[in-house]
Amino acid sequence: MKPLRVGIILGGMSSEREVSLNSGRNVYDNLDRELYTGIPIFMDAGGRLWIIPWQLVSQNTTMDISDHLEDTARRISYENLKTEIDFAFISLHGKYGDDGCIQGLLELLRIPYTGPGVLASALGMDKYLQQKILQAEGIDVPRSMVIRAWTWQENPEAIKQEILDQFSFPCFTKPTREGSSVGVTRVNDPDSLEQGLTEALKWDNAVLVEEYLDGIEFSAIVLEEDGQAKALELTEIYPQSAYYTYDDKYMPGRCRKFTPPKNIPGDKADQIKQYVLRAYRALGFRSYGRIDGFYLKDGRILITDPNSSSGMAPSSFFFEQAASAGLLPAMIISTLIQNALIIHQEKYGPL
Ligand SMILES: Nc1ncnc2c1ncn2[C@@H]1O[C@H](COP(=O)(O)OP(=O)(O)OP(=O)(O)O)[C@@H](O)[C@H]1O
Ligand SMILES: [Mg+2]
């Protein structure tokens, strides 16, 4: 049998394109070569796709790759993607990457791809809508308020007052649709509120203001095998900064992580896993997901950030938790491809 041609799509148009490059490189390096032929596909900042030689995959930044595209890469139109690949491994993150956009394109082209469909991907990206759905399912989420750009521009003083009436400090402001902590601010006092809102509005036209959660932060990978979703061992997170910032996430040595958890008691960890699975199903995630939350000092469990996809760098939660279950990266990547092929066959349309 001819190996399946797996296009690993990396780079992209979002604030997380460098994170995507790291993920995609790791997926490419760990692809089982007996089963699959890896084809690195770079999405440039304008959304154009290029088949790049493997030598470019190890470039340090997406800008370095972009510099070499005209000389060494081959431009490929969306329509022709299907003649080049049988399967798309989406290693993109953020806007246009795991928010339903590329998923929609691949549906039109009838190319099977990793992760859930259009709607669940969009929900995985939208923190405001996911909170509504989780609440309706009886899953606890932080107390929050959404502020649209136009209401803020119309009457900032009234908005500030509304926030002051409802929240104490610190509180958090964040774009409703971003990732990797981009645009997130821990607002320590009323004087810094405007700065937090303005920062979030650089990235989205809606901001979520959230109560501050005091407790242990956790991250949980859910993985499906033979159609059964299971939560892997939880990871407890202790960032160096006042919260888990972009640098804490990606700079080597910046954050202590414990898998399995060190301070969350065993019975609570089991409860968290059940909670996480409920959130996973409520949002319609498929194949895998990364669901983050807090175990509060008062014993409550809150889900803060369900993601329909996850970073896949070597030290990501995904591979750390998989390692704890005895699973090598190559095994996990093969599982995600197999899951996707089954999900694709069972689909009625793009959902
Ligand atoms: N309400 C909150 N209370 C306390 N800390 C928070 C709160 N909201 C966010 N944080 C901190 O900010 C970090 C980033 O927030 P969040 O998870 O919402 O962003 P994200 O950009 O979606 O991250 P990811 O890369 O995990 O998708 C969290 O990991 C956590 O450390
Ligand atoms: Mg997120």
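## Around ligand 1

Let's start with strand β14, which supplies 3 residues to the shell around ligand 1, the most of any element. Keep in mind that this is a predicted model. Sorted by class, that shell holds 10 charged, 7 nonpolar and 4 polar residues. There are 21 residues around ligand 1, and the ones that come nearest are Lys127, Ser180, Ser181, Glu217 and Arg290.

## Polar contacts and burial

Ser180 also turns up in a polar contact: one of its polar backbone atoms sits 2.7 Å from an oxygen atom of ligand 1. Tyr244 likewise uses a polar backbone atom, 3.0 Å from an oxygen atom of the ligand. With Glu210 it's the side chain that takes part, placing an N or O atom 2.9 Å from a nitrogen atom of ligand 1.

How much of ligand 1 does the protein bury? On its own the ligand exposes 610 Å², and the protein buries 96% of that. The elements giving two or more residues to the shell are β7 (171-175), β9, β14 (288-296) and β15 (301-307).

## The magnesium ion

Ligand 2 is a magnesium ion, and its donors come from Asp305 (two OD entries) and Asn307 (OD1), at 2.3 to 2.6 Å. Both Asp305 and Asn307 are buried.

## Strands β6 and β9

Back to β9, which spans residues 206-211: it runs antiparallel to β6, and 5 bridges join the two. Across that pairing, Arg148 stands opposite Ala206 in β9.

Definitions and conventions
Residues numbered from 1 in each chain as written. Chains lettered and ligands numbered in written order. Predicted model: local features only at pLDDT ≥ 70, side-chain atom pairs only at ≥ 80, totals over all residues. Heavy atoms only, no water. Donors = N, O, S within 2.8 Å, 3.2 Å for Na, K, Ca; no water. Buried < 20%, exposed > 50% of the residue type's maximum accessible area, 1.4 Å probe, protein only. Pairing = 2+ DSSP bridges. Helix = DSSP H or I, 4+ residues; strand = E, 2+ residues; numbered from the N terminus. Near = heavy atom within 4 Å. Polar contact = N/O pair within 3.5 Å; in protein donor to acceptor, adjacent residues only side chain to side chain. Areas by Shrake-Rupley, 256 points an atom, 1.4 Å probe, with all protein chains shown as cover. Nonpolar A, V, L, I, M, F, W, Y, C, P; charged D, E, K, R; others polar.
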